[in-house]
Each structure stands twice: as C-alpha cells, then as structure tokens.
Amino acid sequence: MERRSQFYFAGVAAVFGVMLAVGLRTTLHPEGRDTRDIWELRADLTKEQKLEQRLLEELESYEETLRRYRRQHEAGGATELEATIAELREEAGLTEVRGSGLVLTIAPLSAAGYVGPAVATVSPELLQRLVNELNKYGAKEIAIDGERLTNRTAIRDVNGATKVGSRSVRLPVEVRAIADDADKLYSGLAVSPIRDDFAVENLELSLSKPQPFVVIPPAAEQPDVKYMETANAGKEEK
C-alpha cells in the first residue's frame, strides 16, 4: 500500500513539474503580439480570399480537363490531348498572345526645368513593382522590351545593368500588358502611386489609352526539361 502511494505521489509530482515548466516557458517566452491594424488585417484577409478563389478556379479547371480526358478516352480519340498540349504551350508562354491591353513607356523624366542626373536604365526593383501593379489590376500577360514574362523570368541586376530574362534593358523601355478588362487596368494604373515612384527615380511612366489589339511575343526562354525522363507505360523491368 505504501509503495502504491509513492508511485501515485511521484506521478502527481511529475505532472506538476511539467505544468510548471510549461508555465515558465510561456512566461519567459511570450508569443509575439500581432501589431497589424484593422486595415492591414482586412487587406491580408482580402488577399487570402482572392488566392483561395483563384486556387478553386484552377482546381475546377483541372477537374474539367480530367472529365474531358475521360470522355475522349471512352471515344478513343487523341483530339483532346492535342488541344490540351496547345493549351499548356499557351500557359507556358510559348505562343504569341493577342488581346486588349495597354502599352506603357518608361523614359527619362522630361519635366520642365528638370536639371537632375541623366538616367540610362531602370532598376530591377522598380520594374518588379510595376509588374506587381499590373498584376494587381488584372494583367494576364506582360512583356518588357519584347521579353515575355513567365514564372521563370528573372528581373535582376547584372554588373550594373538591368536584365529581364536574358535581355538587357535600356531607356526608353516599352512594357506591353494584356488584360480581360483593359479599361480596369488603365483606371487602376492611372490612380496608382507607381508613377510617383518612377518620378522619384527621375523616370517618367506613360500610359497609352486602352487598345483593342496588343501583341505579346512568345517567351524567348524555353523550359529546361533535361532532368525529365519518359515514364514506362508498362511494368518496370526487373
């Protein structure tokens, strides 16, 4: 009986010790307080909701493609596969795209009385901010100085020169953007502070009126598939 009481006391002491350690850790290392205000929280919530909606739309698109595959497989044809390959090539930026959009021009600031230093290029950071603004207001395809942007395209500084993909850009720089709603894209950029950001760097960002016909070339950079292998259709050889 006495030994049983000792085990019971030891168990209670162990539980108490764990609770005390957790309490001390919480006291000594309190969690960081979220200091975002209500507007920042709302903006983050809106961003997450848009991301969720986009993912749901992509999921529905993939499910519809699978349904089409099944129907085509039952019919015994290859037309659907060819259509999907063409669609994937377009999504990868390997085909020319045409549609309504805007043409933007980045040039040295030409304000009257300006006597600042001459500018020969635009920084990668400023170009990336412009791309973010274009995407924010609905741009679907973008080209900078004829270089089509894809998820593989890097905008970076190389020895003092700004490069978009493999192309060095110098002023003036032409930026083309295609959107489903070119008017919305124009209105968003017209009130965006992005043009002030360019003015701070002694640059001027000009916007064309919405155009019904903007051409964006295919990406110059081809996907690297050297690590891909053909999957075996049958069973693996032993």
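Y137 is buried, with a relative accessible area of 18%; buried denotes under 20% relative accessible area, exposed over 50%, and partly exposed the range in between (1.4 Å probe, protein chains only). The residue lies in the loop between α4 (124-136) and β2, where helices (H or I, at least four residues) and strands (E, at least two) are DSSP runs numbered from the N terminus. The model is predicted: local features need pLDDT of at least 70, side-chain atom pairs count only at pLDDT 80 or more, and totals for chains, interfaces and linings use all residues. Residues are numbered from 1 along each chain as its sequence is written, and side-chain values use heavy atoms, without hydrogens and water.

Beyond four places in sequence, Y137 is in contact (heavy atoms within 4.5 Å) with K184, L185, G188, L189 and S192. Y137 and D181 are 44 residues apart in sequence, with a C-alpha to C-alpha separation of 9.1 Å.

E141 belongs to strand β2 (residues 139-144). Residues up to four places away aside, E141 touches V97, R148, R176, A177, I178 and I216. The side chains of E141 and R148 make a polar contact at 3.0 Å; this term requires a pair of N or O atoms within 3.5 Å, where within protein one must be able to donate a hydrogen and the other to accept it, and residues adjacent in sequence count only if both atoms are side-chain atoms.

W39 is located in helix α2 (residues 38-75). The accessibilities compare as follows.

| Residue | Relative accessible area | Class |
|---|---|---|
| Y137 | 18% | buried |
| E141 | 19% | buried |
| W39 | 60% | exposed |
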